[in-house]
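Work through the exercises below with the model open. Try each task before reading its solution.

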Amino acid sequence: MSLVLSGRICARCLSTSVRDLKRKALLAKIIRVDHAGEFGAHRIYEGQLAVLGRTSVGPLLKEMLEEELGHKATFDKLMAENRVRPTVLLPFWNVAGFLLGASTALLGKEGAMACTVAVEDVIGDHYNSQIRQLMEDDPEAHKDLLELLKKYRDDELHHLETGLEHDAEKAPFYNILSQAIKTGCKGAIWLSEKI
């Protein structure tokens, strides 16, 4: 449909075009940041496994890693389907995620679980925020993505609960460690949405 009618811009067409552009930008932001988050999460678990892989908690960490890799594969596919570029910070998240995982694992099982709890707490809130944004935009248009985000949010919150069940709160300096990790995650989310 042409945007020009008798030399004038069709207001309805322009409104539809603006809404479509806003929707596309919202989807690109969500897919980009969630891809970065799942990429970072899998690197955190790889760092933890590098330190704790041969301990009693190794199989649990491997199980959580496999779930994160499944999430990442879905976002890889969504990026290709929607022609969304990854964040330019992906190389940094590659290193930072692994170092965060390995360094918290050096504090023992409790440190690794404290990291999981802090990260998944922020990610659960982040997914909830995205779900609200999509609901406000158009729940029917985003039905499939909403179902996906709800499932992944629940998976991440299950990781949080698992971390608590495995003594996360017994980690050295738990409150300070948790706040530092949460602050870093929130910063990573903000940056990955933008660039």
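**Exercise 1. Find which residues His-159 is in contact with, leaving aside neighbours within four places in sequence, and decide whether His-159 is buried or exposed.**

Solution. This is a predicted model.

Step 1. Leave out the neighbours within four places in sequence; His-159 is then in contact with Tyr-45, Met-64, Glu-67, Glu-68, Thr-116 and Glu-120.

Step 2. His-159 lies in helix α5.

Step 3. Check accessibility. The relative accessible area of His-159 is 2%. The cut-off for buried is under 20%, so His-159 is buried.

Step 4. Look for polar contacts. The side chains of His-159 and Glu-120 are joined by one of 3.0 Å.

**Exercise 2. Which residues does the UniProt annotation "binding site" cover, and why do they gather at one spot?**

Solution. 

Step 1. Read the record. The unreviewed UniProt entry gives the annotation "binding site" to Glu-68, Glu-120, Glu-156 and His-159.

Step 2. Compare sequence with space. These residues span 92 residues in sequence, but no two of their C-alpha atoms are more than 11.5 Å apart, so they gather at one spot.

**Exercise 3. Describe the largest cavity: which residues line it, and which helices supply them?**

Solution. 

Step 1. Start with the search. Over the whole structure, one cavity of 30 Å³ or more is found.

Step 2. Take its volume. The largest cavity holds about 40 Å³ of space.

Step 3. Name the lining. It consists of Ala-41, Ile-44, Tyr-45, Gln-48, Cys-115, Thr-116, Val-119 and Glu-120.

Step 4. Assign the helices. At least two lining residues come from each of α1 and α4.

Step 5. Sort by class. The cavity lining has five nonpolar residues, two polar and one charged.

**Exercise 4. Now take the largest pocket: what is its volume, and which element gives the most to its lining?**

Solution. 

Step 1. The volume is about 480 Å³.

Step 2. Count the lining. It has 26 residues, with Gly-40, Ile-44, Gly-184, Cys-185 and Ala-188 nearest the centre of the pocket.

Step 3. Find the elements. Two or more lining residues come from α1 (11–52), α3 (90–105), α4 (109–137) and α6 (174–194).

Step 4. Pick the main contributor. With eight residues, α1 gives the most.

Step 5. Sort by class. The pocket lining has 15 nonpolar, six polar and five charged residues.

**Exercise 5. Is Ser-192 buried or exposed, and which residues is it in contact with?**

Solution. 

Step 1. Ser-192 sits in helix α6.

Step 2. At 2% relative accessibility, Ser-192 counts as buried.

Step 3. Beyond its neighbours within four places in sequence, Ser-192 is in contact with Arg-32, Val-33, Ala-36, Thr-87 and Trp-93.

Key. Residues numbered from 1 in each chain as written. Predicted model: local features only at pLDDT ≥ 70, side-chain atom pairs only at ≥ 80, totals over all residues. Heavy atoms only, no water. UniProt positions renumbered as here; feature names shortened; annotations may be inferred. Helix = DSSP H or I, 4+ residues; strand = E, 2+ residues; numbered from the N terminus. Buried < 20%, exposed > 50% of the residue type's maximum accessible area, 1.4 Å probe, protein only. Contact = heavy atoms within 4.5 Å. Polar contact = N/O pair within 3.5 Å; in protein donor to acceptor, adjacent residues only side chain to side chain. 1 Å grid on protein atoms, 1.4 Å probe; cavity = no way out; pocket = protein on both sides within 12 Å on 5 of 7 lines; lining within 4 Å. Points joined across faces, edges and corners; volume = space filled by probe spheres on them. Nonpolar A, V, L, I, M, F, W, Y, C, P; charged D, E, K, R; others polar.
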